[in-house]
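Q: Can we go through this model together? I would like to learn how to read its features one by one.

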Amino acid sequence: AARAREEAEIRKRTERTRKIQMLRDIPDDKPVGTVDEYMFREGVKDVLDKLDHDLVGLVPVKQRVREIAALLIVDKMRAKLGLETAVPSLHMSFTGAPGTGKTTVAMRMGQILQKMGYSRQGHLVIATRDDLVGQYVGHTAPKTKEMVKKAMGGVLLIDEAYYLYNASNDRDYGQEAIEILLNVMETEKENIVLVYAGYEDKMAKFYSYIPGMSSRIGNHINFPNYEPFELVDIAKVMCRDLEYELDPEAEPIFYEYIVRRMEMPYFSNARTVRNAVDRARMRAAIRLFNSALNGHNGGMVSALDLMTVKAEDFVQASELEFDKIVE
């Protein structure tokens with residue numbers, strides 16, 4: 001055993017000497033490649049472009065994602081020269097209200113990590129307390145480990161993570177799930193990325209209860225609420241993706257609706273917009289159906305008719321009532 005340790009130490013010194021000499025031999029101006037080349041070759045540029053395409057606004061969030069991508073690309077460039085590289089902590093915390101793009105960003109981050117070789121598959125698995133915590137003794141560990149297994153090689157997003165911890169009940173099974181996740185964050189950090197998501201104030205309290213959780217998270221990203229004009233743009237993007245067009249006269253109507261809706265309970269940013277757009281599509285369908293049945297234009301429906309959402313299809317701001325919110 002002593003001889004084996006001695007031989008291992010010799011090999012270590014030899015390798016270190018070889019590496020030092022190799023680094024001395026590398027000219028300072030040796031070209032490695034441009035950042036653009038690496039972004040294009042690795043497919044990262046395509047993912048970042050899709051993020052811009054999918055998400056309106058969120059400039060600070062997109063900038064943070066680009067910073068993480070930049071770190072990974074420079075790490076790859078260093079590795080090509082034989083310089084020391086170390087996998088940074090890629091576990092993340094996403095804070096913000098519902099409908100601010102957290103799931104979309106987690107999905108795109110998974111794709112970036114996969115393309116850069118930091119995860120095998122880059123897929124996204126979403127879990128809540130119900131997916132991780134059991135209802136009786138011995139039930140929690142298998143449930144948590146099963147979700148971790150599903151996400152292995154990709155990203156595990158734990159939505160409203162603060163519900164894992166119940167401060168009023170020290171026998172709550174959520175603590176067991178947290179301990180397993182902490183261990184996975186440390187021992188499997190090269191095989192899985194954990195993302196904890198939820199409201200900013202509740203997440204801050206959650207981290208204060210769990211020693212070692214926040215320090216294992218390398219990237220804390222806050223998702224701000226959208227402005228009304230951004231939510232109108234999101235509606236236009238949703239219509240575009242569904243091959244509809246938003247009539248220009250509908251935009252101010254929808255803007256007024258959003259401003260009013262933001263003052264009311266259960267507002268959820270892009271999710272509320274999605275519900276409003278879906279409701280407008282239904283109203284548009286009913287309008288076209290009734291118009292055709294009544295013999296308008298000989299009962300004929302044009303391609304433009306099928307692709308246009310008009311002002312009258314949207315709920316008016318004046319129709320909203322605080323005690324009657326239809327989502």
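Q: Where is lysine 62 found?
A: This is a predicted model. Lysine 62 sits in helix α4, which covers residues 59–81.

Q: Is lysine 62 buried or exposed?
A: The cut-off for buried is under 20% relative accessible area. Lysine 62 has a relative accessible area of 12%, so it is buried.

Q: What does lysine 62 touch, not counting residues up to four places away in sequence?
A: Its partners are Leu51, Asp52, Leu55, Val56 and Gly57.

Q: Which other residues of α4 are buried?
A: Start with the general idea. An α-helix has 3.6 residues a turn, so residues three or four places apart point the same way. Now the case here. Along with Lys62, the buried residues of α4 are Val61, Val65, Ile68, Ala69, Leu72, Ile73, Asp75 and Met77.

Q: What span should the 23 residues of α4 have, and how far apart are its end C-alpha atoms?
A: At 1.5 Å a residue, α4 should span 33 Å. Its end C-alpha atoms are 33 Å apart, so the two values agree.

Q: What follows α4?
A: Glycine 82 does, and its phi is positive, near 90 degrees.

Q: Where does glycine 57 lie, and what is it in contact with beyond its neighbours within four places in sequence?
A: Glycine 57 is in the loop between α3 and α4. Leaving aside those neighbours, it contacts Lys62 and Glu230. Glycine 57 and threonine 100 are 43 residues apart along the chain, and their C-alpha atoms are separated by 9.9 Å.

Q: Glu230 belongs to α10; which residues of α10 are buried?
A: Glu230 is one of them.

Q: What covers the buried residues of α10?
A: The cover includes α3 (44–54), β6 (245–246), α11 (250–262) and α12.

Q: How do α10 and α12 pack?
A: Two packed helices are described by the angle between their axes and the distance between the axes. Here, α10 (residues 228–241) and α12 (residues 270–293) pack at about 50 degrees, with axes 10 Å apart. That angle makes α10 oblique to α12. The crossing is right-handed.

Q: Which residues make the contact?
A: From α10 come Leu231, Ile234, Ala235, Met238 and Cys239. From α12 come Ala270, Val273, Arg274 and Val277. By class, that is eight nonpolar, no polar and one charged residues.

Q: What comes just after α10?
A: Glutamate 243 comes there, with a positive phi of about 60 degrees.

Q: At what angle do α7 and α8 pack?
A: Helix α7 (residues 140–151) packs on helix α8 (residues 174–187) at about 35 degrees, and their axes are 9 Å apart. This crossing is right-handed. On the α7 side, Thr140, Ala141, Thr144, Lys145 and Val148 make the contact. On the α8 side, Glu176, Ala177, Ile180, Leu181 and Val184 do. By class, the contact has six nonpolar, two polar and two charged residues.

How values were computed
Residues numbered from 1 in each chain as written. Predicted model: local features only at pLDDT ≥ 70, side-chain atom pairs only at ≥ 80, totals over all residues. Heavy atoms only, no water. Axes fitted to C-alpha atoms, helices over the stretch in contact; angles between N-to-C directions. Helix = DSSP H or I, 4+ residues; strand = E, 2+ residues; numbered from the N terminus. Parallel < 35°, antiparallel > 145°, perpendicular 65-115°, else oblique. Left-handed = near helix turned anticlockwise from the far one by under 90°. Contact = heavy atoms within 4.5 Å. Nonpolar A, V, L, I, M, F, W, Y, C, P; charged D, E, K, R; others polar. Buried < 20%, exposed > 50% of the residue type's maximum accessible area, 1.4 Å probe, protein only. Expected span 1.5 Å × (residues − 1).
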